[in-house]
Amino acid sequence: FMMAEVRDLFKTCELIGVLCHTPHRAESWVIQEGSNGEDDPLQTLKFRVAGMPILWKILYFFFLVVPKAFLLYNVCWMGLRFLMETAGIVDLVLGAMTMDFILTLDELIFEAFGSAATKFIMSDLEGFAVDPPGAANVVDPRSHKTKWG
């Protein structure tokens, strides 16, 4: 039970990291490559994480991160209390599965009600790389080699 909750906690922390490290200026998340595809226009588009305005970041934080963290905390706290008071092993396993189901409900809703185009875009979205602090000073400008080797 707690392994699934910790995995969900890491996903929430990654979301916070993306919101913090994404540039604050508005940029296009869609890049067109090649000519217009007459068969499937989505095949000529490339999707990437780009900048987003600070207002959108605040809205995403309050409408995505805060409710997810609230649910995570309450399911962990109440679930642990509930599972500790359960006497039978069958009830314990069913209770753990129920707690995990509550936290994966948003992903199930996306799988059930998300359109095919949305699922394609989400699967084709390029990752967002965050440079470590001081990464700009890692490469020596004269020799173009890294400073650590």
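**Entry 1: getting started.** I am working with a predicted model. I began with the helix pairs, since two packed helices are described by the angle between their axes and the distance between the axes.

**Entry 2: H1 and H2.** I looked up helix H1, residues 2-21, against helix H2, residues 54-84. Their axes come within 11 Å and cross at roughly 165°. Angles over 145 degrees count as roughly antiparallel, and H1 and H2 are therefore roughly antiparallel to each other. I also noted the hand of the H1 and H2 crossing, which is left-handed.

Which residues of H1 and H2 meet? On the H1 side I listed Met2, Glu5, Asp8, Leu9, Thr12, Leu15, Ile16, Leu19 and Cys20. Their partners in H2 are Lys57, Tyr60, Phe61, Leu64, Val65, Lys68, Leu72, Val75, Cys76 and Leu80. Sorting the residues of this H1 with H2 contact by class, I get 14 nonpolar, one polar and four charged.

**Entry 3: H2 and H3.** Next I turned to H2 and H3, which pack at an angle of about 175° with their axes 10 Å apart. H2 and H3 are therefore roughly antiparallel to each other. From H2, the residues in this contact are Lys68, Leu71, Leu72, Val75, Gly79, Phe82 and Leu83. In H3 they meet Leu92, Gly95, Ala96, Met99, Ile102 and Leu103. The class count for the contact of H2 with H3 is ten nonpolar, two polar and one charged.

**Entry 4: H3 and H4.** My last pair was H3 and H4, with an angle of about 60° and axes 4 Å apart. That angle makes H3 oblique to H4. Phe101, Ile102 and Leu103 of H3 make the contact with Leu105, Asp106 and Leu108 of H4. I count five nonpolar residues here, no polar ones and one charged.

**Entry 5: the pocket.** Then I went looking for open space. How big is the volume of the largest pocket? It comes to about 1300 Å³. The lining of the largest pocket has 34 residues, and those nearest its centre are Lys11, Leu15, Leu64, Asp106 and Met122. The elements giving two or more residues to this lining are H1, H2, helix H3 (89-103), helix H4 (105-113) and helix H5 (116-124). By class, I wrote down 23 nonpolar, three polar and eight charged lining residues.

**Entry 6: a link to remember.** Leu15 and Leu64 turn up in my notes on the contact of H1 with H2, and both are among the residues nearest the pocket centre.

Key. Residues are numbered from 1 along each chain as its sequence is written. This is a predicted model: local features need pLDDT of at least 70, side-chain atom pairs count only at pLDDT 80 or more; totals for chains, interfaces and linings use all residues. Side-chain values use heavy atoms; hydrogens and water are left out. Axes are lines fitted to C-alpha atoms, for helices over the stretch in contact, and angles run from 0 to 180 degrees between N-to-C directions. Angles under 35 degrees count as roughly parallel, over 145 as roughly antiparallel, 65 to 115 as roughly perpendicular and the rest as oblique. A crossing is left-handed if the near helix is turned anticlockwise from the far one by less than a right angle, and right-handed if clockwise. Contact means heavy atoms within 4.5 Å. Ala, Val, Leu, Ile, Met, Phe, Trp, Tyr, Cys and Pro count as nonpolar, Asp, Glu, Lys and Arg as charged, and the others, Gly among them, as polar. On a 1 Å grid over the protein atoms alone, a cavity is a set of points where a 1.4 Å probe fits but cannot get out, and a pocket is an open set with protein on both sides within 12 Å along at least five of seven lines; lining residues have an atom within 4 Å of a point. Grid points are joined across faces, edges and corners, and a volume is the space filled by probe spheres set on the points.
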